[in-house]
Amino acid sequence: MIVVTGATGNVGRPLTRALAEAGQQVTAVSRHAAAVPDGVRHVAADLAEPAGLEPALAGAKALFLLLSGDLHAAGASPADIIGQAEASGVRRVVLLSTQGVATRPFGATRIAMRVLEDVLRGSGLEWAILRPGGFASNALWWAESIRAQRVVAAPFGDVGVPIIDPADIAEVAAACLLEDRHTGGVYELTGPEVITPRQQAQAIADALGEPLRFHDLTRDEAKAAMAHSMPAELAEDTLTILGSPSPAELRVSPDVQQILGRAPRPFADWAARNTAAFR
Ligand SMILES: NC(=O)c1ccc[n+]([C@@H]2O[C@H](COP(=O)([O-])OP(=O)(O)OC[C@H]3O[C@@H](n4cnc5c(N)ncnc54)[C@H](OP(=O)(O)O)[C@@H]3O)[C@@H](O)[C@H]2O)c1
C-alpha cells in the first residue's frame, strides 16, 4: 500500500489517480473528506500532528510526503513524520521539496525544508527528493478575476520562469514510488520553457477562446494580495524569484525528460485542461 499526503491537491490528486490506475493499493490523506478514485481509501489526518498519521501508515510500503504551509506552523515538527513512517514499516519515502532549497538556501521556509531533506537522507529509508520550481497551477490565483472581469492581475508580467505542470510532478512522483532506480535521486523539476505571466495569460485566453486583459501589479500590490494565502516572508521570497529569477531558476532542467522519457508538458496543456476554473 502507498500513502499519498496532500492527496486532494494539484499534485496529490493526479498522483493518487495514477497509482490507483497502476493497480496499487492507495491511501489518500488530507484533513478534509474528499472524493477519491474508486478503490482508494481516504484517511483524514493533519500533518501538523504526526502521531495522527498512524492509522494511514499502518501496512504502508511507501509514502509520498507533501507538506503544506503547516510545515511552518507553531509546534509542527514535520521531521517526526519521517520517524513515524519508519516505525510503521514504510520502506520508501518520496519527498516533495522545492527548487529553492538549492537556489535560495537562506530563507526560513527553505531552511526548514532542507532540514527535512537531511532527516530523510539520514534515516534508514529508501528516499527520493523532488525539487520543483514554480507550478503552472499558481495561475489559479487569477481564476476569480478572470471569471469576474476577464482580467489577469500580476506583477513582473514580462519576467518568466520555466513553470512546471503539477501533473508532471505527479508522474515523476509515481515513478519514484514504484521504480527502484530512483532511490537516492534528487530531481529538479521544471517545465519545457521559460514563460512569462503575460504569455500564460495569453495561453489561458487561447484555451478559453476569449481575450483577457493583463493588468500589471506593483510588487507591493502583489504582496498585499498574496498575504491572504501565505506567510509574509514566503510572499516576499516568491516575489523576489518572480521578479529577479537567478540563472539557476531560469534553467530548463532535463530531469522530467530523463525520468519519464518525454518532454515536460507546456503551460498551454495545463491551461487547456483547466478552463473550467476560469469560465
Ligand atoms: N506552488 C508552487 O509554485 C510550488 C513550488 C515548489 C514547491 N511547492 C510545494 O508544493 C506543495 C503544494 O502542492 P500542491 O499545489 O499540490 O498543494 P495544494 O493543491 O495546495 O493541496 C494541498 C493538499 O494538502 C492537504 N493539506 C493541507 N494542509 C494539510 C495538513 N495540515 N495536513 C494534512 N493535509 C494537508 C490539502 O487537503 P486539506 O486542505 O483537506 O488538508 C490538499 O490535499 C507545498 O509543499 C509547496 O511548498 C509549490
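## Helices, loops and a ligand site in a predicted model

In helix H3 (residues 79–87), the buried residues are Ile81, Ile82, Gln84 and Ala85, where buried means under 20% relative accessible area, exposed means over 50%, and partly exposed lies in between, with a 1.4 Å probe and protein chains only. These residues lie on the same side of H3, because they cover an arc of only 165 degrees around the axis, the arc being that of the directions from the helix axis to the C-beta atoms. An α-helix has 3.6 residues a turn, so residues three or four places apart point the same way.

This is a predicted model, in which local features need pLDDT of at least 70 and side-chain atom pairs count only at pLDDT 80 or more, while totals for chains, interfaces and linings use all residues. Residues are numbered from 1 along each chain as its sequence is written, and side-chain values use heavy atoms, with hydrogens and water left out. Helices (H or I, at least four residues) and strands (E, at least two) are DSSP runs, numbered from the N terminus.

The buried residues of H3 pack against helix H2 (54–57), strand E4 (62–66), strand E5 (92–96) and helix H5 (108–122), contact meaning heavy atoms within 4.5 Å. After H3 comes Gly89, with a positive phi near 95 degrees.

H1 is followed by Gly23, whose phi is positive and near 90 degrees.

Ser137 sits in the loop between strand E6 (126–132) and helix H6 (143–149), and Ser137 is buried, with a relative accessible area of 4%. Apart from residues up to four places away in sequence, Ser137 touches Asn10, Pro166 and Trp270; with Asn10 there is a polar contact between the two side chains, at 3.4 Å. A polar contact is a pair of N or O atoms within 3.5 Å; within protein, one must be able to donate a hydrogen and the other to accept it, and residues adjacent in sequence count only if both atoms are side-chain atoms.

Gln99 belongs to the loop between E5 and helix H4 (100–103) and counts as buried at 9% relative accessibility. Beyond its neighbours within four places in sequence, Gln99 is in contact with residues including Arg131, Pro132, Glu188 and Ala248. Gly124, in the loop between H5 and E6, counts as exposed at 69% relative accessibility.

The model also holds a ligand, surrounded by 24 residues, of which the closest are Thr8, Arg31, His32, Asp46 and Leu67; a residue is near a molecule if one of its heavy atoms lies within 4 Å of it.

| Residue | Protein atom | Ligand atom | Distance |
|---|---|---|---|
| Thr8 | polar side-chain atom | oxygen | 2.6 Å |
| Leu47 | backbone N or O atom | nitrogen | 2.8 Å |
| Phe135 | polar backbone atom | oxygen | 3.0 Å |

Taken alone the ligand exposes 920 Å², and the protein buries 78% of that area, as given by the Shrake-Rupley method with a 1.4 Å probe, where for residues only the protein chains shown count as cover. The shell around the ligand has 9 nonpolar, 12 polar and 3 charged residues; Ala, Val, Leu, Ile, Met, Phe, Trp, Tyr, Cys and Pro count as nonpolar, Asp, Glu, Lys and Arg as charged, and the others, Gly among them, as polar.
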